[in-house]
Amino acid sequence: MTTRQRIDLLARAYPRLFPRAELLRLVREQLGHVDALDRWIAREGKRVRARAPRSIYHICAGNLAVSAQTSLAHGLILGAHNIVKLPGDRDDASTRQEILHFIRGLPSLLRRLVETHGKLDEKALRRADAVIAFGSDATMNSIRAKLRFDQKFVAHGHAVSLLWLSAPKKITAKQARACAVDVLTYDQLGCLSPQAIYVPPGTNIELLGEKLAQALETEWQAIAKKPARPLGVAARIVEARDIAFARGHRAWLPPSQHLGWTLLFDPDPTFSPSPLHGVIVLRRCTDSKLGKALAAVAGRISTVGIAGRMSSRLENDFFSLGVSRFCPAGRMQFPPLTWHHDGLQTLAELVMWIDAEGRA
């Protein structure tokens, strides 16, 4: 099969998740030509051709199925044999089933390029030409230690994201709802999920909090399939609320006290991880203190969602902190297929290039 044929099959099976036009754009942007894997392409006085890995070992995280689905789609576009290490913990059962359902929905010509493993197969891992892994930093280090020196390894370890509101007193209902979408999509479990909302000094926190709380409740009620709140998750949410109350911090809770979302204000601008599952923290910070406030996650900030306008100075401050993506509020969880995940080119990282130069 050619690259174009594989793209057509994938787009036909999952048109909303992988639109054909976006898949073609992805290959063009990263490989220079849609046919670069299938034939020689003239480029600056020579001919070049991309060679895909024969096999890719995908190690999936248990929090979100979409990352595994996208990683597998990249492998299928390249025409590689794809070994998918499924999440194995009991808590990951729903993610595991989503991944398997996605694989079952592939056309047979693509499905034959996929095999699944319930446990890590270290022999298969070392045989693979490339390895793509999602998980904690400790997991990434453990996997790296098992690989050959010449294997391509694309590691997606720990990352966080946040929202920046440039003019909170002017925030519209639409912008507030966009922030709520970012927070509640995927139950705030992905690396693109904001864990804090940063606002400038002088922000009327009470007024802003009311607007955001209303938007969070509206968005929660609009979610058709609401995420479960098992005992451990519920305990973490309640604990976050109790700690805020104990410290005298402002908290906004749903009208019926359900555990779908929690909005807290912490006067300390220093970033600290959220318990996730709809718990979001408002923090005030000056531009000059942003670097100090985010020092603990410098180099690990995936996405900054922006409501309003961001000054070039502040953008440069975020840039120096290692942010790899800026986007409007409401789009944090929905990057284009062409985005550079963790600053990397998702296809180009995996291929080798062959050059054919002219005769002497």
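Q: Which residue in β6 does Ile56 stand opposite?
A: This is a predicted model, where local features need pLDDT of at least 70, side-chain atom pairs count only at pLDDT 80 or more, and totals for chains, interfaces and linings use all residues. Residues are numbered from 1 along each chain as its sequence is written, and side-chain values use heavy atoms, with hydrogens and water left out. Strand β3 (residues 55–59) pairs with strand β6 (residues 130–134) in the parallel sense over four bridges; strands are DSSP runs of E, at least two residues, numbered from the N terminus, and two of them pair if DSSP finds at least two bridges between them. The residue opposite Ile56 in β6 is Ala130.

Q: Why is one side of β5 and of β7 left without a neighbour in the sheet?
A: The open sheet has five strands, paired parallel, in the order β5-β4-β3-β6-β7. β5 (114–117) and β7 (152–156) stand at its edges, so each has a single partner strand.

Q: How many of the residues of β6 are buried?
A: Buried means under 20% relative accessible area with a 1.4 Å probe, protein chains only. Ala130, Ile132 and Phe134 point one way from β6, Val131 and Ala133 point the other way, and all are buried. The count for β6 is five of five.

Q: Which residue of β7 is the bridge partner of Ala133?
A: β6 and β7 pair in the parallel sense, over five bridges. Within β7, the partner of Ala133 is Ala155.

Technical notes: Buried < 20%, exposed > 50% of the residue type's maximum accessible area, 1.4 Å probe, protein only.
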